[in-house]
Amino acid sequence: MANSPIICGPFLRHCSIEFITVWFVSRVKAAYVLELIDEQDDTFSDHQEFNSISLGEELHICNIKMHVPKPLHNTPESKTRQFHYQLYLQQNEQLELIDFSQLAFDNDNQALPRVMVSKNVQLLLHGSCRKPHHPSKDTFAAIDNECNERIGKAQRLPDYLIMSGDQVYGDDVAGPMLVAIHALIKKLKFYSEALPESAEVSLDMLLDNQYLYGRHSLLPHYDFKKWAFFKKSEPIISSLYRQNHLITLSEFIALYLLTWSSACWELIWDDVCDKAKALPKSSQSRYKYELSIIESFKNGLASAQRVMANVPSVMMFDDHDITDDWNLSAQWESRVYGHALTRQAIANGLAAYALFQDWGNQIDQFNQDWLVHFKALEKKKTLTLAETSDLLLDYDKWHFELNTHPTIIMLDTRTHRWRSEGALNNPSGLMDWESLCELEEQITSEAKSVIIVSPAPILGVKLIEVIQKVFAMVGKELLVDVENWMAHPGTAKKILSMMLNTKSPDEIIVLSGDVHYSFCFSANERLKKDNGKIWQLTASGIKNEFPAGLLKVLDKLNRFLYARKSFFNLFTRRRKLAIKHHKSTDKTHSRLFGTANIGMIHLHPNGTLANYTLLQNTGEKTRFILGK
């Protein structure tokens, strides 16, 4: 796609038997036309809606929604349908075909990206936590190879790629990434932006070399009026790696572009490499080490782009998309939203999420609620959100569901928190009463199964949850991310009772990430043999890992202390459940896996779980032994 006006994407987003969503970013302000080509080589380009939002002179975020054409041949509309697709740039009443040959899989004879639409879900990919400067290999390379092999064998591509959090790390940014962000902002001529007058931080300070790896000194602190002799202040932003924490909307936007697009890196790569010479010697070694990892990440982005161009993706935020510990407790919220700079940073992160993730998840909802606000920024040629910040922070419709069989429900576990009724620093529940009641209505049906996507596992590793509880009891909840479903009594009781409800589907399949290790648990109600089953399938991270030695110790201790018949289970909130930790085909028969991977979920025609496999970043596959 050399010299292409499209510098990020195109990516397939929410697609169904009714419509197809294609999202991308263009350097040229123009209209685009989507064309579908079916298996009989018939072409379709009618009934589509194109929208774009300009946020810079060469930054135009675009989205196309096209209704799936009715079949011209004797094919039932409900059957799985395959198309290839291409885009045309429309300028001065002329159509110019965009070269998409690099987005086609090697085994695809059409040399074009493809899209599959179906009502029935058979194969899902699921993962989370993709940090560019983590030294692990990006699992997208393995996904790319898997999809290419499936096409070569005439097998079905995944119905969806589900990404359940930490698609970007706005709070944990490598030095070369921050340099690239500012270079890209300049290269694409982003619109201007202003910080709150009371922030005591200027845009010039954010660009100053002395604050590379030093932004934590610019971020505000909370001052203690009582006991000041013992404790004067502590940072408002609780992320441990906040040295390069993003603040402005332009920074968050550029981070997305550089996390998803190799073309954006090519525009500014020389500037990023040259920056090391201008840094103090104390920072040069760290910068060069991170640069080597970032270069490897950049070189592998072609795989991620190809996968996302051929497999529809839906996404939900978790904390690192905005900042670590986001809304962890009432005290955290009071401090962060009580300061102008940090409040604006959260709103900026949400604005970028809306543009880069949510617009593809639920295009009609975005066009109804947000298009006019971002169009207003375009008209004023500014990235200063002003009153839109409050609307973003108060918005309560980030969650959504896919009308598939089985239904896929994406949970927002960040903005519907159930604040603790005890101490302000106690962890909040991941969802409040009202949103849990709404979820209960969604899963109470005669369906055979339902898929719930929860960024954090609902059924987690009990020993780790106990360790987190101990840290919370001594006021150190921020050190260990006490954000599990069992940490808040009200949330824990409600989520467990609704899953055990006799009106719930026979199988509830929970997909989760966040924790940087992967596992497969199943559960049913103790002493009842004929009740439904709950599956907890956890895959994390796509490019992040848990320390292998520590995980091995925790795995063994957890299996010993919380075995199915263990006495200690009587003291847990999950004591009504009999939970099984499934072995795998791995030689060690491990239950917990900390290497970078993504989950592959195969379903039976009735929507129940057929098998669960981890696709490791090495390309190896580890299948869990489910049993029944």
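Tutor: In helix 8 (residues 330-337), the buried residues are Ala 330, Trp 332, Glu 333, Arg 335 and Val 336. Here buried means under 20% relative accessible area, exposed over 50%, and partly exposed in between (1.4 Å probe, protein chains only). Helices (H or I, at least four residues) and strands (E, at least two) are DSSP runs, numbered from the N terminus. The buried residues of helix 8 pack against strand 12 (221-223), strand 13 (233-235) and helix 9 (340-361), where contact means heavy atoms within 4.5 Å. The model is predicted: local features need pLDDT of at least 70, side-chain atom pairs count only at pLDDT 80 or more, and totals for chains, interfaces and linings use all residues. Residues are numbered from 1 along each chain as its sequence is written, and side-chain values use heavy atoms, with hydrogens and water left out.

Helix 7 (residues 301-310) contains Leu 301, which is buried at a relative accessible area of 0%. Not counting residues up to four places away in sequence, Leu 301 touches Arg 130, Leu 258, Thr 259, Trp 260, Ser 261, Ser 262 and Trp 265. Leu 301 and Trp 265 are 36 residues apart in sequence, with 9.9 Å between their C-alpha atoms.

Val 179, in helix 2 (residues 175-187), is also buried, at 11% relative accessibility. With residues up to four places away in sequence left out, Val 179 touches Leu 212, Asp 271, Val 272, Lys 275 and Tyr 287. The C-alpha atoms of Val 179 and Ile 268 are separated by 9.4 Å, and the two residues lie 89 residues apart along the chain.
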